[in-house]
Amino acid sequence: MKYALITTDGELHIKDAEWPAVRADVGPEGPARVNISPIVTPKLFCGWVNDCGLSLPDRYPRNLVGSLVLMTLGAAEQPYAGPVVLTGWDPPPGIEMCDLVDHQVQGLLGIHRDIHAALAGQAGEVADDIRAAIEWIRTCPVPALTIHSFPEGGGRYEPT
């Protein structure tokens, strides 16, 4: 299967391997699928990140370039940590991972090139926007999930 790997140092690699190798590129804790809006991209992409990434910052630093590529393609705006993998995604009724096709690879290479040009100091409004987005990814708080328990004996939970 043809897929893209964006390492935490921002390098993009196009690879061809079966799922066990793709999963290994994401990390041993397990893959989490990143939904990418089909409205933004006509041929569907699917993102994969480590499902423990943001909770292990020493092991999985924020992937600034990978996060911006995911968000550019239509993923939720948040920091993503560790390696980022992009595969194709069959639209309904298939709903499964598939190879990236040539125009998807070319699109990823273009997005990646534009991000690196902006980080290298390229002038222009788009480059300024890219640098601002990267700074936001670098400094924004980690998304949090608060788990509330029910009172002893059940009943209706009333948050305080």
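Trainee: Where is the place of Pro28?

Mentor: This is a predicted model, so read every value as computed from it. Pro28 sits in the loop between α1 (19-26) and β3 (31-34).

Trainee: Is Pro28 buried or exposed?

Mentor: Read the relative accessible area against the cut-offs. Exposed means over 50%. Pro28 has 59%, so Pro28 is exposed.

Trainee: Which residues does Pro28 touch, leaving out those up to four places away in sequence?

Mentor: Pro28 touches Arg23, Asn50, Arg59 and Tyr60. Pro28 and Asp51 are 23 residues apart in sequence, and their C-alpha atoms are 9.6 Å apart in space.

Trainee: Now the whole chain. How many helices and strands are there?

Mentor: The protein chain has 4 helices and 6 strands. Starting at the N terminus, the order is β-β-α-β-β-α-β-β-α-α.

Trainee: What share of the residues is buried?

Mentor: Of the 160 residues in the protein chain, 38% are buried. Sequence separation of contacts is another summary. Take contacts between residues at least 6 apart in sequence: 56% of them join residues at least 24 apart.

Trainee: How do I read a helix pair?

Mentor: Two packed helices are described by the angle between their axes and the distance between those axes. Start with helix α2 (residues 64-73) and helix α4 (residues 125-139). Their axes are 9 Å apart, at an angle of about 115 degrees. That makes α2 roughly perpendicular to α4.

Trainee: What is the handedness of the crossing of α2 and α4?

Mentor: The α2 and α4 crossing is right-handed. On the α2 side, the contact uses Leu64, Val65, Ser67, Leu68 and Met71. On the α4 side, it uses Ile130, Ala133, Ile134, Trp136, Ile137 and Arg138. By class, the α2 contact with α4 counts 9 nonpolar, 1 polar and 1 charged residues.

Trainee: Arg138 is in that list. Where does Arg138 lie, and how exposed is Arg138?

Mentor: Arg138 lies in helix α4. Arg138 has a relative accessible area of 44%, so Arg138 is partly exposed.

Trainee: What does Arg138 touch, not counting residues up to four places away in sequence?

Mentor: Arg138 touches Arg62 and Leu64 on that count. Polar contacts are read separately. The side chains of Arg138 and Glu135 are joined by a polar contact of 3.0 Å. For a C-alpha pair, take Arg138 and Pro79. They are 59 residues apart along the chain, with C-alpha atoms separated by 7.5 Å.

Trainee: At what angle do the axes of α2 and α3 cross?

Mentor: They cross at roughly 130 degrees, and the axes come within 10 Å. α2 and α3 are therefore oblique to each other. α2 passes α3 in a right-handed crossing. From α2, the contact takes in Val65, Leu68, Val69, Thr72 and Leu73. From α3, it takes in Leu108, Ile111, His112, Ile115, His116 and Leu119. The class count for α2 with α3 is 8 nonpolar, 3 polar and no charged residues.

Trainee: One more residue. Is Gln104 buried or exposed?

Mentor: Locate the residue, then read its area. Gln104 lies in helix α3 (residues 102-119). Buried means under 20%. Gln104 has a relative accessible area of 2%, so Gln104 is buried.

Trainee: Which backbone oxygen does the side chain of Gln104 reach?

Mentor: The Gln104 side chain reaches the backbone oxygen of Leu44, at 3.0 Å.

Notes: Residues are numbered from 1 along each chain as its sequence is written. This is a predicted model: local features need pLDDT of at least 70, side-chain atom pairs count only at pLDDT 80 or more; totals for chains, interfaces and linings use all residues. Side-chain values use heavy atoms; hydrogens and water are left out. Axes are lines fitted to C-alpha atoms, for helices over the stretch in contact, and angles run from 0 to 180 degrees between N-to-C directions. Helices (H or I, at least four residues) and strands (E, at least two) are DSSP runs, numbered from the N terminus. Angles under 35 degrees count as roughly parallel, over 145 as roughly antiparallel, 65 to 115 as roughly perpendicular and the rest as oblique. A crossing is left-handed if the near helix is turned anticlockwise from the far one by less than a right angle, and right-handed if clockwise. Contact means heavy atoms within 4.5 Å. Ala, Val, Leu, Ile, Met, Phe, Trp, Tyr, Cys and Pro count as nonpolar, Asp, Glu, Lys and Arg as charged, and the others, Gly among them, as polar. Buried means under 20% relative accessible area, exposed over 50%, partly exposed in between (1.4 Å probe, protein chains only). A polar contact is a pair of N or O atoms within 3.5 Å; within protein, one must be able to donate a hydrogen and the other to accept it, and residues adjacent in sequence count only if both atoms are side-chain atoms.
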